[in-house]
Amino acid sequence: MSSIIRLDRDGPVATLTLTRPEAMNALGELGDGDAVAAACAELAADRTIRAAILTGEGRAFSAGGNVKAMLAGEGNFAGNPAMVREGYRGNIHKALRALHGLDVPLIAAVNGPAIGLGCDLACLADIRLASTKASFGVTFLKVGIIPGDGGTWILPRVIGMSRAAELFYTGRVITAEKAAEWGLVSEVVEPDALLGRARALAAEIAQQPPYQLRATKTLLRQGQSVSYDTMLELAASTQGLMHHTEDHHEGARAILEKRPAVFTGA
């Protein structure tokens with residue numbers, strides 16, 4: 001199978017592209033986790049990057065896991081139950097943890113079907129935009145397995161428990177329009193406009209001060225699992241640091257001088 005991911009840069013915006021179109025960008029080949037983790041680590045280490053896009057090559061965003069490999073008991077799914085468990089933990093889950101751990105804002109440009117693990121990947125992004133050709137489903141039960149990729153943690157946080165349960169229990173696949181109605185995606189656009197819209201949004205985000213941008217994403221993530229009092233303490237500590245940056249001074253001066261701010265990461 002081909003490599004699973006490519007990292008491209010365009011100024012302050014990076015694009016991560018799933019590059020296995022012949023298999024609808026299915027994941028789970030041995031080494032996929034390492035490849036995604038390496039790309040994410042390279043992206044995160046580049047302090048000039050202020051926003052990132054995740055998309056798929058070809059007609060799918062990601063069809064999820066490789067069902068043929070599952071049935072044959074090959075690759076990630078080879079061996080006894082303990083070996084399959086370690087296959088998930090050391091390979092597929094490594095890719096998921098890497099994407100979830102990105103501290104720059106991540107936009108999923110969902111160009112086609114996002115099914116099973118593919119839907120979980122999309123949900124790891126901070127913002128999701130969809131092509132009219134996109135569709136979403138968590139069809140694990142239809143394959144005789146359970147949601148094995150953390151989707152039962154993240155999907156209810158995106159669309160609420162009732163709708164997440166409905167999708168998990170029925171295995172139903174929904175359209176991009178229904179996904180927008182349910183809050184799974186922010187916007188639906190024509191296929192040839194998708195990447196342009198994602199890049200425009202990423203460029204708008206990238207105009208913000210980089211350290212403050214990454215810190216805001218961190219606070220958003222932490223806010224899902226801590227008390228309000230704890231969040232206030234985290235915010236106060238982070239804010240103390242931000243007040244002593246040159247970008248804060250630049251932003252304040254720009255407002256008073258009625259001009260656009262130019263943030264440099266200082």
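Predicted model: local features only at pLDDT ≥ 70, side-chain atom pairs only at ≥ 80, totals over all residues.
Biologist: Is Lys258 buried or exposed?

Modeller: Lys258 is exposed, with a relative accessible area of 76%. Buried means under 20% relative accessible area, exposed over 50%, and partly exposed in between, with a 1.4 Å probe and protein chains only. Asn25 also has a positive phi, near 55°, but Asn25 is buried, with a relative accessible area of 0%. Asn25 sits in the loop between β2 (13-18) and α1.

Biologist: How many helices and strands does the protein chain have?

Modeller: The protein chain has 11 helices and nine strands. Both are DSSP runs numbered from the N terminus: helices are H or I with at least four residues, strands E with at least two. Of the 266 residues of the protein chain, 46% count as buried.

Biologist: What does the radius of gyration say about those 266 residues?

Modeller: A compact globule with 266 residues would have a radius near 18 Å, and the protein chain has 19 Å, which agrees. The radius is taken over C-alpha atoms, and the globule rule is 2.2 Å times the number of residues to the power 0.38. Along the principal axes, the C-alpha atoms fill a box of roughly 65 × 40 × 35 Å.

Biologist: Which way do the residues of β4 point?

Modeller: In a regular strand the side chains alternate between the two faces of the sheet. Leu106, Ala108 and Val110 point one way from β4, and Ile107 and Ala109 the other way. Five of the five residues of β4 are buried, so β4 is largely enclosed by the rest of the structure.

Biologist: Which strand joins β4 through Thr55 and Ala109?

Modeller: Strand β3 (residues 51-56) pairs with β4 in the parallel sense over four bridges, and Ala109 is the bridge partner of Thr55. Two strands pair if DSSP finds at least two bridges between them. Four bridges also join β4 to strand β6 (residues 127-131), again running parallel. There, Leu129 in β6 is the bridge partner of Ala109.

Biologist: What is the order of the open sheet of three strands?

Modeller: The order is β5-β7-β8, with mixed pairing. β5 (113-115) and β8 (173-175) stand at the edges with a single partner strand each, so one side of each has no neighbour in the sheet. β5 and β7 (residues 135-137) pair in the parallel sense over three bridges, and Ile115 stands opposite Gly137 in β7.

Biologist: How many aromatic pairs are there?

Modeller: A pair of aromatic rings is described by the distance of the centres and the angle of the planes. The structure holds one aromatic pair. Phe77 and Tyr88 form it, edge-to-face, at 6.0 Å centre to centre and 65° between the planes. Rings of Phe, Tyr and Trp (its six-membered ring) pair if their centres lie within 6.5 Å; planes under 30 degrees apart count as stacked, over 60 as edge-to-face and the rest as tilted. Phe77 and Tyr88 are both buried.

Key:
Residues numbered from 1 in each chain as written. Heavy atoms only, no water.
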